Amino acid sequence: MKNKSVIAEADDVRRAIEMVSLGARMQMLEAETQLSRERLLRIYKEVRGVSPPKGMLPFSTDWFMAWQPNVHGSLFMGFHRYFAGRSGLSPLDTVLKAYHLYLDHIDAASLEPVLSITRAWTLVRFFDADMLQLAPCGSCDGRYVAHAYDPVHDYTCGLCNMPSRAGKGRGRGKVSPNARAVRERVASMD
Ligand SMILES: [Zn+2]
């Protein structure tokens with residue numbers, strides 16, 4: 001344990017509990033708090049009743065390109081951009097707030113969340129590292145997660161491109177009316 005005030009430590013514990021409750025993996029907890037690994041493991045076990053899964057996160061930017069993860073990631077990034085631009089929140093609190101809002105919207109649309117908190121956090125890190133960008137879709141006006149090196153002109157999002165892409169990737173088949181509602185939410189976010 002590093003030298004730090006009791007209040008800062010309590011703050012870390014509170015954030016760790018919130019992250020674990022949302023399903024965060026150990027890598028995220030270790031990166032976002034000053035708490036020791038042992039401490040984090042104890043918090044994890046206490047909150048979830050099991051040990052955290054072992055192993056590194058296999059996440060790559062490509063995961064966010066399949067249509068379903070792309071729409072969910074884009075929705076989350078819209079919220080993230082909103083909070084990042086409007087308040088004095090810490091980077092972590094910005095992610096947590098945006099993620100709560102994402103869950104609320106997914107729940108309101110009766111959808112299953114596709115983006116885990118750790119994936120959402122990773123997504124923001126990809127943006128910070130300039131590996132990803134938000135590209136405006138020429139058809140629906142939404143802003144979608146795209147590779148940083150993708151040309152932004154003539155960009156068409158995966159949903160507007162549906163007919164040829166349906167069923168590809170790891171989606172669950174066709175776009176449901178609910179998924180369409182999420183897409184409309186993304187499109188109206190600017
Ligand atoms: Zn579109």
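Q: Which helix among the elements of the protein has the lowest mean pLDDT, and which the highest?
A: The model is a predicted one, and among its elements helix α7 (residues 162–165) has the lowest mean pLDDT, 52, while helix α3 (residues 37–48) has the highest, 97. Over residues 165–173 the pLDDT is below 50, and this stretch has 12 contacts in the model beyond near neighbours in sequence. For the protein, the mean pLDDT is 86, with 85% of its residues reaching 70 or more.

Q: What makes α1 and α3 oblique to each other?
A: The axes of α1 and α3 cross at roughly 50° and come within 9 Å. Angles under 35 degrees count as roughly parallel and 65 to 115 as roughly perpendicular, and α1 and α3 are therefore oblique to each other. The crossing in which α1 passes α3 is right-handed.

Q: Which residues in α1 meet which residues in α3?
A: On the side of α1 they are V13, A16, I17, V20 and S21, which meet L40, I43, Y44, V47 and R48 in α3.

Q: How do you know that the span of helix α6 agrees with its 12 residues?
A: At 1.5 Å a residue, helix α6 (residues 117–128) should span 16 Å, and its end C-alpha atoms are 17 Å apart, which agrees.

Q: Which residues in α6 are buried, and what covers them?
A: Buried residues in α6 include I117, W121, L123 and F126, and what covers the buried residues of α6 includes α1 (6–21), α2 (26–32), α4 (67–86), α5 (91–108) and β1 (132–136). Just after α6, D130 takes a positive phi of about 60°.

Definitions and conventions. Residues are numbered from 1 along each chain as its sequence is written. This is a predicted model: local features need pLDDT of at least 70, side-chain atom pairs count only at pLDDT 80 or more; totals for chains, interfaces and linings use all residues. Helices (H or I, at least four residues) and strands (E, at least two) are DSSP runs, numbered from the N terminus. The expected span of a helix is 1.5 Å times one less than its number of residues. A residue is buried if 20 or more other C-beta atoms lie within 10 Å of its own, exposed if 12 or fewer, and partly exposed in between; C-beta atoms are placed from the backbone. Two residues are in contact if their C-beta atoms, placed from the backbone, lie within 7 Å. pLDDT is the predictor's confidence in each residue, from 0 to 100. Axes are lines fitted to C-alpha atoms, for helices over the stretch in contact, and angles run from 0 to 180 degrees between N-to-C directions. Angles under 35 degrees count as roughly parallel, over 145 as roughly antiparallel, 65 to 115 as roughly perpendicular and the rest as oblique. A crossing is left-handed if the near helix is turned anticlockwise from the far one by less than a right angle, and right-handed if clockwise.
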